[in-house]
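Good morning, and thank you for coming. Please look at the sequence and the structure as they come up, and I shall then take you through one part of the fold.

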Amino acid sequence: MKRIIPAALLGAGLIVTSQACSTTLYVMSVGNSDVQVIINGSLVRTLVIGETLPEGVSLRSIENNIAVFDIDGKVVRFGLGQSTTSQAVLQIGRDGHFRTAARINGVPVAGLIDTGATNVIIGSATATRLGINFRSGPLQIAQIPNGRIVSYLVVLARVEVGDIVVSNVACNVLEGAQIAPDLEVLIGNSFLSQVQMQRSGNTMTLSRNNGL
């Protein structure tokens with residue numbers, strides 16, 4: 001894929017990962033005084049209010065079908081089907097890139113993981129489709145051999161990849177630029193720095209701790 005992104009918008013391509021929680025939890029059911037959970041992806045446990053498991057998880061209370069847990073010393077609130085970790089599993093494409101169906105402010109967009117981009121990057125046509133008033137953001141101009149590229153810096157309220165949701169994500173909107181005919185967004189490090197990335201062969205897994 002031919003690059004149209006100026007060097008001024010790119011970073012070193014390094015991923016800063018968030019610290020992982022030592023204990024993971026998924027809520028299977030919520031009752032009046034107890035919950036059923038999966039600990040560390042395999043252990044099914046039933047917890048009553050006030051009980052603490054050997055894995056370091058305790059149930060403080062249940063309020064309006066929301067369970068209040070203490071996990072490794074941190075208080076979190078989860079309902080049915082919620083978990084400490086969200087994930088997105090991506091497969092490499094024929095072009096050697098990891099593409100994904102992302103969502104920006106709730107609207108589906110065709111995306112590509114770009115560890116070299118400092119911020120999320122979209123073209124002005126995509127920004128207009130999403131209803132983003134990008135020209136109100138700070139103007140940035142980068143000089144390249146074929147001329148210059150104008151972009152505007154904005155903050156996206158919500159970016160989603162798979163089950164992962166990140167709020168308040170920095171984004172460069174390129175004036176008059178189209179990323180590619182079948183591509184609307186480059187998912188750069190303003191999003192990726194808030195998740196963990198693991199690659200195994202042709203598979204990339206993104207994960208994020210929720211509320212921890």
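In what order do the three strands of the open sheet stand? The order is β1-β2-β3, and the pairing is antiparallel. The edge strands are β1 and β3, each of which pairs on one side only. From one strand to the next, the twist averages 25 degrees, where axes are lines fitted to C-alpha atoms, for helices over the stretch in contact, and angles run from 0 to 180 degrees between N-to-C directions.

Before I continue, a word on the basis of these values. This is a predicted model, in which local features need pLDDT of at least 70 and side-chain atom pairs count only at pLDDT 80 or more, while totals for chains, interfaces and linings use all residues. Residues are numbered from 1 along each chain as its sequence is written, and side-chain values use heavy atoms, with hydrogens and water left out.

Strands here are DSSP runs of E with at least two residues, helices are runs of H or I with at least four, and both are numbered from the N terminus. Two strands pair if DSSP finds at least two bridges between them. The protein as a whole has two helices and 16 strands. Of its 212 residues, 42% count as buried, that is, under 20% relative accessible area with a 1.4 Å probe and protein chains only; exposed means over 50%, and partly exposed lies in between.

Let us return to the sheet. β1 and β2 form a hairpin with three residues between them, and they pair over five bridges. L25 has I39 of β2 as its bridge partner.

Finally, consider Y26, which is found in β1, residues 25-30. Its relative accessible area is 37%, so Y26 is partly exposed.

Thank you for your attention.
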